[in-house]
Amino acid sequence: MQTVFQQIINGLSLGSIYALLALGYTMVYGIIKLINFAHGDIYMLGAFWGYYVINVWHFNFISALLSAMLVGAASGVIIEYFAYRPLRHSPRITALITAIGVSFFLENGMSYLFSSNTRDFPQIIKQVNYNLGGVLISNIQILILVTACILMVLLQLTIKKTKMGRAMRAVSVDPDAAELVGININWTISFTFALGSALAGAAGVLIGLYYNSIDPLMGMTPGIKAFVAAVLGGIGSVPGASVGGFLIGILETFFQSIGLSAYKDAVVYFVLIVILLIMPAGIFGKNTKEKV
């Protein structure tokens, strides 16, 4: 049982980062029905920004986290404005190909500017391990989990309790009707990208603390896993993305614990196939009927 609880703790820590990334996928899809495959690379930008400000400007954890969120939000808005907005009324496959192109541009651009070498993320918080009945949990894991949960709660409050949150929900249901009642569609979509990208920037700093290393290609695999988490929870559902992220994190750590680390990525993609076959709408998703 100690091993099971240990892997649950490890899985929740990793899964909270996947959950933050999955929220960006699910919000953007809910608004404009786009899978933003560049989202994982915004997470990479957040990690590099945290690395820079901690090393050069000696920011503490809170300052690095908040500034990475601002950089992530700005990056998301810029990408939406220049890459996705001109294609908003184009076929969906066009926007999808553009998203993949933006992802490659960010990855290769960062590799060209800063080289593709792995960097050690500065450990601004000294790690302390606590033994709770044979289960080890570090202060870093607690910090990651608590920070992610706070951000997820703030996101939910923003969506449910604010004027902009109501606008986001209205645009996701019927953008034409939302525009008729005075909602600025462009501003609402930009705000959605900013919100999701800010969470990705925060996840980049958290993963730097968790794994102690970053590189320009670090967003590729976690980005795909976060997409799987969003599909698992029900893409378009904010609570579903959070639950999906935690489930993927726990699944991955359990496979590592039984000596199948080489297959930890493969099992995530297998879950995606199973979900699409059995529950295509996901755990919290709703099956919708379209009139044709």
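# Salt bridges, a patch and a pocket

Asp-265 has a relative accessibility of 24% and counts as partly exposed. The model is predicted, and local features need a pLDDT of at least 70, side-chain atom pairs count only at pLDDT 80 or more, and totals for chains, interfaces and linings use all residues. Residues are numbered from 1 along each chain as its sequence is written, and side-chain values use heavy atoms, with hydrogens and water left out.

**Charged pairs**

Side chains of opposite charge can pair when their charged atoms come close. The rule for a salt bridge is a side-chain nitrogen of Lys or Arg within 4 Å of a carboxyl oxygen of Asp or Glu. That rule gives six salt bridges.

| Pair | N to O distance |
|---|---|
| Arg-88 and Glu-80 | 2.7 Å |
| Lys-225 and Glu-252 | 3.0 Å |

Where does the pair of Asp-265 and Lys-225 sit in the chain? Asp-265 is in helix α11 (residues 264-278), and Lys-225 is in helix α9. The two residues are 40 apart, and the pair links distant parts of the chain. Helices are DSSP runs (H or I, at least four residues), strands are too (E, at least two), and both are numbered from the N terminus.

Lys-225 also meets Glu-252 in a salt bridge. This pair too links distant parts of the chain: Lys-225 in α9 (residues 220-233) and Glu-252 in α10 (residues 238-257), 27 residues apart. Glu-252 is buried at 1%. A network of salt bridges links Lys-225, Glu-252, Lys-264 and Asp-265.

Now take Arg-88 and Glu-80. Arg-88 is partly exposed at 25%, whereas Glu-80 is buried at 1%.

Helix α10 also holds Gly-244. Gly-244 is buried, with a relative accessible area of 0%. The C-alpha atoms of Gly-244 and Val-228 are 7.9 Å apart, although 16 residues separate them along the chain.

**A nonpolar patch**

Val-128, Tyr-130, Leu-132, Ile-142, Val-146, Ile-150, Val-153, Leu-154 and Leu-157 make a nonpolar surface patch of about 780 Å². Two elements give two or more residues to the patch: β2 (129-132) and α5 (139-161). Which gives the most? Helix α5 does, with six residues. Leu-154 is in α5, and Leu-154 is partly exposed at 48% relative accessibility.

Patch residues have over 30% relative accessible area and no salt bridge; like charges are joined within 9 Å, and nonpolar side chains (Val, Leu, Ile, Met, Phe, Trp, Tyr) within 5 Å. Accessible areas come from the Shrake-Rupley method with a 1.4 Å probe; for residues, only the protein chains shown count as cover.

How do the lining residues divide? They are 12 nonpolar, three polar and six charged. Here Ala, Val, Leu, Ile, Met, Phe, Trp, Tyr, Cys and Pro count as nonpolar, Asp, Glu, Lys and Arg as charged, and the others, Gly among them, as polar.

Key:
Buried < 20%, exposed > 50% of the residue type's maximum accessible area, 1.4 Å probe, protein only.
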